[in-house]
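Subject: Structure for your review

Dear colleague,

Please find below the structure that I am handing over to you.

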Amino acid sequence: MSSIEGWDDSEEGLRRREFLQRAAVTAGLGAGLAGVLSPDTILAEVSKRSRVNVPSPRNLPLDTIVVLMMENRSFDHYLGWLPNADGRQGGLSYADAAGNQHGTHRLTGDFQGCAHPDPDHSWLGGRQQLDGGRMDGFLRSGENDAFSIGYYAEQDLPFIPAVARSFTTFDRFFCSLLASTYPNREYMHAAQSYGMIDNTLPLSPTGLGFPDTTIFAALAAAGVSNRYFYTDIPVSALWGAPGLARSGQVQEYYERCATGTLPAVSFVDPAFNGEEQGTSGDEHPHGDVRLGQAFMADVVHAFLESPQFKRGALFIVYDEWGGFFDHVRPPRVPDDRANADVNQDFGQMGIRIPAVLVSPYARRGHVDHNIYGFESILKLIRYRFGLPPLTLRDKYARNIARSFDFEAKPNYEVPHLPDPPQIVSQACGAGAPPAGLGGQALAGRPKEHDLATLHTSGYLERLGFRYRAATPGRTFRHPSKLGLKP
Amino acid sequence: MAVLLATLGVALLAAQPAAAALDEPVSVTAQAPEAVAAGTAFPLRVDVAAEASALDVAAQPLRLRVRFAPECGGSFAGTEGPTAIDRVLPAPTPGAAYSQSVSVRAKLGAPGPETVCAFLEDAAERQFATDTEATLTVVPPCPAARRKIGKLKQRLARIDRRLRKLRRARHEADGARRRHLAKRIHKLRRQRHRVVKQLRRAFREAQIACGGGGGARASAAEANLPAGVPQIKHLFVIVLENENAETSFGPNSPAPYLGTTLREAGAFIPNYYGIGHESLDNYIAMVSGQPPNPQTQSDCQLYTEMLPGTLREDSVALGQGCVFPRGVRTVANQLEGAGLSWHGYMQDMANAVPEGEPASCRHPAIGAIDPTQKARAADQYAARHNPFVYFHSIIDFPTCQENDVDLSRLPGDLARARTTPSYSFITPDLCSDGHDETCANPALPGGFAGIEAFLREWVPRIEASAAYRDQGAIFVTFDESASGASSCCNEPAGPNTPNNGGPEYGSGGGRVGAVMLSPCIEPGTVTQTPYNHYAFLRWSEDDFGLPHLAYAGAAGLKPFGSDVFAKPGCDPEAAVAAQKAGAWTHLRVRPRKAVRGKAQHFRFLLRSNVAACRRGALVRLAGHRTRTNRRGRALIRIRPRHSGRLVATARAPSCKPAATSVRVRR
């Protein structure tokens, strides 16, 4: 037999054939072709292979988009342990104002941080922490103490580690603004903070609230269903009466999940009030993180069990980094209120936050390393429902649709995720504060949650909203969490 | 850790609609090979595309910055790693769409995974678009990879020797001893398995590090030719000076070797036209498609910059002057980009080189008077007949010294097909190309006698080379006519000169005629179809699978076709095969089954009792096409969209077609 006419079946031949096959797979091309094609062709072929194809809006298999926004945690602080992600936890050290170095440390057993001040996460404090891009000012801003450079390991948190490992986690997800809660939540809703850099209430002579330029207004104008779900304090009240009109209590979210009647777009918020007592359910210090995690578990489980999960996506995000340490320098991006001076720049994004995507189209156990912000989620919503840009910010954002894998078969299998019980957390101030770096007593200055101001200032009342505190019965879905037998 | 390297240039490309597809008005797309060898340069290309007025809010200038890092930071400044590109991009026109492409060759030092981190920033370091998706693996360099294979092979042999010994012993032993030996054998076999896995990996890395087939370099790009036109793998261009077609190829040609012998041995193209007067603009058009301007039309007495050199949408540079800016590309840049080789062979370039000037890529300093305008007895090189030195995209890079060389290098390069460039541009000296009627060196013949002497020496030499015999071609023509400024093929007028004919009023460079010689051409072929230098460039680009430059891309311009290459099938053996009784071809595909929606490779083997039918056959599967290699093998990767049967076919000119099928299940 001529050696040219057939496959040579000698052992040598077999080995080489197998090898060529494998090399072809490695290069994404035929080994024989690799030498023949031009580099341009090879490049094009390779990039086609590694890039995600996102279907056109009308073919995008996402009908339900849910955004759950928790409070105040940075990526390194919360998920720095995650394999394949760019996280750093132990072994880092930060200098305080006096120049003393302090090492990062694990917050074992401390779920509230009662003994410590709430880390600084204001516009100015964030810039001190950024320190011109060196990311080393975490102990030099505000009253920050060692708490701000503490971290949680995988075993310390009851829920988010499991969901992060099961679905797609983002390790380049920056909060939209290097500032506090309000402006970031405003960016989540409207891709701008209306020039606000702090938690100022929108009190204008003409009336309460910002002009309603939110994604909700745009969706409503396009005839797309949308709803905002609160637990105790509705952030939507920042847009006045129209904001409240689209708001529902979180029990409605659970019901709609179960009956498959979730609107196309919904945002879900935890219980904010009770921070000074350490009983808030949003993971904001000094609220007990286990309480917030139990709430997150309910929201995620309700979504996973909903018939709408099959064509849906749920994003878990945190509104900002809460003053906790992180090593990745946030970028500057285009913004309507961009300024060359970083101290006045609304285009300066905030520090990384933990973010997870739950969807049958999410890559399982995957870490996405591309750059996203809250506006990336807005862009996905706009892309899906054909809406024009809200501001420059979301116009130039990277579409988070790119993190899905729409080419693979959707995976409807619901992974086993824990369902942590409700924790009856102790109010802060009950015990004596431990000594240590900055271990000041809190007694003198209790601090209410930023968002609680909406209630305490009478703002909600003026809008005609009747505030009701978040009881377990109004927070959780599952009877077992309320101490009842299912 | 890694270093940066040479740059190939910026080129304007057609706007890419991909940006708009995801509702992202600005997009950056980086392309790099998936695996590269450490220390070996590899192509890196970054495309920037923006919708109309999307970049108007950016603070100029825009910068494209690319770094390699295991993981990209949130910004260029926040990414730690070697910088591959840091370039200020031309300002976008307000209100217009924007598109730029930057190609460089990059090199990485340390083996391991790397990400291409590309950022489009404005002056305030504000990111308008990023691409952090392209990843690549750096494998150890070739010698290290080979050493690793050697070591692993030795280890494997050692294990095999011990295994043989143990097996023999087991065969003879019994009871507890036998069980003990069996255990040891089992352990050793597992060890062997691990080594085999490592060896496979090492082979894979060596394949990447050392190039396909262990040193053989890329041969040819996919040609972009119509059916029936064979691909020329080695092209030799010889350009002579200033004669009319009627004279050179007329009945009483003063050059009988060219006008009769060569004409009858190949394809004669009587209606081949120059594109302008005088010389230089014709040479420039042949390699770049750029039109004449008054400076090039007067042969660039002063070696000045071509300014402003702004690129029009069709990549025609606007301005006046001689040396085109970096953004203007030539067929040489294109060939390099495609991994193909090119050489300019300039007779007499290395002779009597003035002190301080290199013996290759020789050209005056910018702004200086060109001293080669008039031949000297010992140095009859003319820079104005060497088109490659009129482009910054060539002379700014060390590859110019390697590729634009003296003609004396040609015989050595012809020795083997492997060392012969894919594209050779041969310019005889002022005496041998017929430019000077009486030579500066009185011992040599000038005019037609010079042409005859040159062709009689060099054409047979090329024809005897392996490169020519394996689908090579020699193209002989003149730059411009001696008189008349006629044109053909709707040659565009301007935009840089009021009169293409320069000193002679007319729209072109006159009819000069041309001859193409090739084993792929039926001797005695004559075509009346008109062609010019732009058409020639277009054909040579098609032949090597390259996009068309400037006026070579003019709508409706016809490249050489089957009227020139009239011989059925280039390969003489294949021609015989058609008539041969009992000829058969058989196409085999593996695997035979596929799964719908799953991308996979299909390996083809084309078998035939006629060797010529096995190679170069066109294999088609589900709209994908490729050609078989020397051994009749081909590989196609597809993702079947529907279940059922997919038919694959293989066709070679004059050979029996063959077909087979793949079953696609759900």
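I begin with chain A: A:C175 has a relative accessibility of 0% and therefore counts as buried. A:C257, at 1% relative accessibility, is likewise counted as buried. Please bear in mind throughout that this is a predicted model.

Disulfides

Over all chains, the structure holds five disulfides. I describe three of them here, each within chain B.

One of them joins B:C361 to B:C400, with an S to S distance of 1.9 Å. The torsion about this S-S bond is about 90 degrees, so the disulfide is right-handed. B:C361 lies in the loop between β16 (342-346) and α9 (392-395) of chain B, whereas B:C400 belongs to helix α10 (residues 399-403) of chain B, so the pair ties together parts that are 39 residues apart in sequence. As for accessibility, B:C361 counts as buried because its relative accessibility is 2%, and B:C400 counts as buried at 1%.

A further disulfide links B:C431 with B:C439, again with the sulfur atoms 1.9 Å apart. Here the torsion about the S-S bond is about 80 degrees, which means that this disulfide is right-handed. B:C431 is buried, its relative accessible area being 1%.

The disulfide between B:C488 and B:C489 has an S to S distance of 2.2 Å. With a torsion of about -70 degrees about the S-S bond of B:C488 and B:C489, the disulfide is left-handed. B:C488 is buried, with a relative accessible area of 7%, while B:C489, at 26%, is partly exposed.

Helix packing

In chain B, helix α5 (residues 256-265) packs with helix α12 (residues 447-463) at an angle of about 35 degrees, and their axes are 9 Å apart. On the α5(B) side, the contact is made by B:P256, B:Y257, B:L258 and B:L262. From α12(B), the contributing residues are B:I451, B:E452, B:L455, B:R456, B:V459 and B:P460. Classified by type, the contact of α5(B) with α12(B) has eight nonpolar residues and two charged ones, with no polar residues.

With kind regards

Methods: Residues numbered from 1 in each chain as written. Chains lettered and ligands numbered in written order. Predicted model: local features only at pLDDT ≥ 70, side-chain atom pairs only at ≥ 80, totals over all residues. Heavy atoms only, no water. Axes fitted to C-alpha atoms, helices over the stretch in contact; angles between N-to-C directions. Helix = DSSP H or I, 4+ residues; strand = E, 2+ residues; numbered from the N terminus. Contact = heavy atoms within 4.5 Å. Nonpolar A, V, L, I, M, F, W, Y, C, P; charged D, E, K, R; others polar. Disulfide = S-S within 2.5 Å. Buried < 20%, exposed > 50% of the residue type's maximum accessible area, 1.4 Å probe, protein only.
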